[in-house]
Structure formats: structure tokens, C-alpha cells
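Hi,

Here is the structure I promised to send over.

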Amino acid sequence: MLRAGELQKRKEVVHTVSLHEIDVINSRAQGFLALFAGDTGEIKPEVREQIDAKVAEWREEGRATIVPGVLFVDEVHMLDIECFSWLNRALESDLSPVLITATNRGIAKIRGTQYKSPHGLPLDLLDRLMIISTTPYSEDEMRKILTIRCEEEDVEMEDDALDLLTRIAMEASMRYAIQMITTSSLVASKRKGSSVEIQDIKRVYGLFVDLKRSTQFLMEYQKDFMFNELAEESSSDEEDED
């Protein structure tokens, strides 16, 4: 026996949107089309408060799930005290993203203040962070990194040349060695070579100096430069002693 009536189906649909997109949709007369028009403009605080309240209601009803985003701040010590205050306030929100920061500073001054702290960050912000300790790369790790970088840049390099480049990275820096890959490839192509050889690495090493050699050169010939703060400091120290 066939049943009469309309056949109804239920299908669960999941939409993935960001909170910013919801703010734009509710703050513009075009609604959803405002996302494609690019007319985002300034979003009023009242609209954001209403959206936050609505999202919180959806979470309690089980209709929405918040997936936190990731905010990566490189060279975080360059932020000033006002930016750090804003980050502290943002981290207290239920909708705050996962904050990942990176810095290479030790004990440094907090920008905008006269106080010094570890990594140049306020202590109250450091208390909220999980600090990951790092160790210098080993020789094998540096060789693997340089090998991957050569593959990314489509540079063929001989094993002995890669050994020399790894040793340069250990003595100078990884960044300097990575910059040498493209330059040595140009030198190899100029001599019609199919791959980078050890002579190409030596040629580039002789043309472009690293930070240590540049500093040594400046210390040795500092008197020959037009502006020399080290010479002025030494002369002032001698006058103070007199």
C-alpha cells in the first residue's frame, strides 16, 4: 500500500564562516553580497557585541561550534606597550584565537617604556604564554635544511659543495648560507655549469662577506670612514681620563 502525501527529507548542513564575515554580513545593507563587493568598511562596536551575544547563544544551544583561529606575531618585541595591553585584553575573550609569538631578544627594553624584561615582553603577558625553548641546529640538521632549500630553488649542488656550504652555515649563519645558494647558482650558470661546484661556493664567499667578516673589517678600518662613532667614544673616554 502506497502512502499518500508529501515526502519530506531532513539534511544537516554545516556552514563554516568566520566571525569577521558574520560582522560584515550584519553591518552592510547588501548582506551576504557585501563579502563579494569588498565593501567591508568599519564595523561598529554595537554590531560586534550583538554578534558575539548571538554566537554565544548558538553555542549554548549546540547549533554552533567555535574553532579558534591562529594569530602569529613574528618579531613580537617590536610591539609597544599599547599593543601588548590590547593582546592581554584580547586573550581574555572566549572567542580569542591561539596566539603564537616569536622573538630572538634576550633581556630587552619594552617599547614605549623604560623598563626591561625577558624577550622585551611585559611580565603579565609572559605569564599567559607557554615558552618553547630552542637549541642551535646541528650540522646534520643544517645540511638537511640546505638540501631542502636547494630543491625548492631548483638548484643542483654537488656533495662537496654542499659540505662546504654547511660548514659556512656553522661558522657564519644559516641565513647567509641560504642566500649563497641562488648566488652560487648564478655563478655556475655563468661558467656554463650544470650544477653548483665547490669553486662556485668559494667564489661567492669571496665576493660577499658575512656579518662577522664585515664587523671585523669595520673594526680594522674604522678610522677611514667618514662617520665613526667608535672613534668618537674612545676619544671622549680618553678626555674623561685626563
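This is a predicted model, so to speak for the record: local features need pLDDT of at least 70 and side-chain atom pairs count only at pLDDT 80 or more, while totals for chains, interfaces and linings use all residues. Residues are numbered from 1 along each chain as its sequence is written, and side-chain values use heavy atoms, with hydrogens and water left out.

First, the surface patches. Val70, Phe72, Val98 and Ile100 make a nonpolar one of about 370 Å². Patch residues have over 30% relative accessible area and no salt bridge, with like charges joined within 9 Å and nonpolar side chains (Val, Leu, Ile, Met, Phe, Trp, Tyr) within 5 Å. Areas are Shrake-Rupley with a 1.4 Å probe, and a salt bridge is a Lys or Arg side-chain nitrogen within 4 Å of an Asp or Glu carboxyl oxygen. Strands β1 (70–74) and β2 (98–102) each give at least two residues to the nonpolar patch, and Phe72 sits in β1. Strands (E, at least two residues) and helices (H or I, at least four) are DSSP runs numbered from the N terminus.

There is also a negative patch, with Glu156, Glu158 and Asp159 among its members. Helices α6 (139–152) and α7 (159–171) each supply at least two of its residues. Glu158 is in the loop between α6 and α7, and counts as partly exposed at 35% relative accessibility (buried is under 20%, exposed over 50%, partly exposed in between).

Lastly, backbone: Lys192, not a glycine, has a positive phi near 65°. Lys192 lies in the loop between α8 (174–190) and α9 (198–207) and is exposed, at 76%.

Cheers

Notes: Lys, Arg positive; Asp, Glu negative; His and termini not counted. Charge placed at Lys NZ, Arg CZ, Asp CG, Glu CD. Buried < 20%, exposed > 50% of the residue type's maximum accessible area, 1.4 Å probe, protein only.
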